[in-house]
Amino acid sequence: MSLADVTYMPETPAHDPEIDTLNEEAFGPGRFARAAYKIREGGPHERDLSFVGIRNGMVIASVRMTPIAAGKGRSLMLGPLAVRPAHKNLGIGRHLVAMALEAARNAGWQSVLLVGDEPYYGPLGFTRIPYGQISMPRPVDRNRLLIHEIVPGAVTSLTGEVTHAALARP
């Protein structure tokens, strides 16, 4: 199997059941206790900035983008990013992240935040957020708070606790 065997497309509501199953397989029941899931519970994700990888008519990978707020700053939160085990280590996840970042750039967003592993996301343009600048609604390893600045310096607008943008004060 190669990347050429995968079709990439924007997520639609029809993909939801398969994405839910994919995330359950990838992250298990403990995913609901994580800080990022707490934020995502606050409102919808941006479907036009979220993508799936399809092979043989089945969703094999997914990435979602959720609008967030931290203080007066606004950003997107990438995730969950999930790839079915049989299709890992082929570049599918990296391709989905690149698509999501390009869509965010084209939509005028200034940055994309995530909770993830720097060795994986660093080569994709993510760096650590300065310690203490933001906080999450649940415990998280601060070394895993990463940001991709579409506009240089955008990270400085994000301060305080991260929440879903729908719950943020104007």
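**Entry 1: Val97 and its surroundings**

I began with Val97 and looked up its contacts (heavy atoms within 4.5 Å). Leaving aside the neighbours within four places in sequence, I found Val97 in contact with Leu78, Leu81, Tyr121, Leu124 and Phe126. I note at once that this is a predicted model, in which local features need pLDDT of at least 70 and side-chain atom pairs count only at pLDDT 80 or more, while totals for chains, interfaces and linings use all residues. Residues are numbered from 1 along each chain as its sequence is written, and side-chain values use heavy atoms, with hydrogens and water left out.

Buried here means under 20% relative accessible area, exposed means over 50%, and partly exposed is in between, with a 1.4 Å probe and protein chains only. Val97 is in the largest nonpolar core, which has 26 residues, and Val97 is listed there with Met65, Leu78, Leu96, Val112, Tyr121 and Phe126 as the residues with the most contacts inside the core. Strand 3 (58-70), strand 4 (73-83), helix 3 and strand 5 (111-115) each supply at least two residues of this core, and helix 3 gives the largest share, seven residues. Apart from this core lies another, of 15 residues, among them Ala35, Ala36, Met77 and Ile147. I wrote beside this that in soluble globular proteins nonpolar side chains tend to be buried together.

**Entry 2: Helix 3**

For the elements, I kept to the DSSP runs, numbered from the N terminus, with helices (H or I) of at least four residues and strands (E) of at least two. Helix 3 covers residues 92-106, which makes 15 residues, and its first and last C-alpha atoms are 21 Å apart, close to the 21 Å expected at 1.5 Å a residue; the expected span is 1.5 Å times one less than the number of residues. I listed its buried residues as Ile92, Gly93, Leu96, Val97, Ala100, Leu101, Ala103 and Ala104. After helix 3 comes Gly108, whose phi is positive, near 90°.

**Entry 3: Helix 1**

Just after helix 1, Gly28 takes a positive phi of about 70°.

**Entry 4: Backbone exceptions**

I reminded myself that most residues other than glycine have a negative phi, and that most peptide bonds are trans. Asn56, although not a glycine, has a positive phi of about 55°; Asn56 lies in the loop between strand 2 and strand 3 and, at 72% relative accessibility, counts as exposed. Asn89 is also not a glycine and has a positive phi of about 65°; its place is in the loop between strand 4 and helix 3, and at 79% relative accessibility Asn89 counts as exposed. The peptide bond from Gly79 to Pro80 is cis, with omega near 0°, and I located Pro80 in strand 4.

**Entry 5: Glu161**

Glu161 is in strand 9 (residues 160-164) and, at 47% relative accessibility, counts as partly exposed. Leaving aside the neighbours within four places in sequence, I found Glu161 in contact with Ala69, Ala70, Gly71, Ser135, Met136 and Pro137.

**Entry 6: The whole protein**

Last, I looked up the overall picture and noted four helices and nine strands, which run β-α-α-β-β-β-α-β-α-β-β-β-β from the N terminus on. The C-alpha trace spans about 45 × 30 × 25 Å along its principal axes. Buried residues make up 44% of the 170 residues. Of the contacts with a separation of 6 or more, 71% are between residues 24 or more positions apart.

How values were computed
A nonpolar core is a set of buried Ala, Val, Leu, Ile, Met, Phe, Trp, Tyr and Cys residues joined through side-chain atoms within 4.5 Å.
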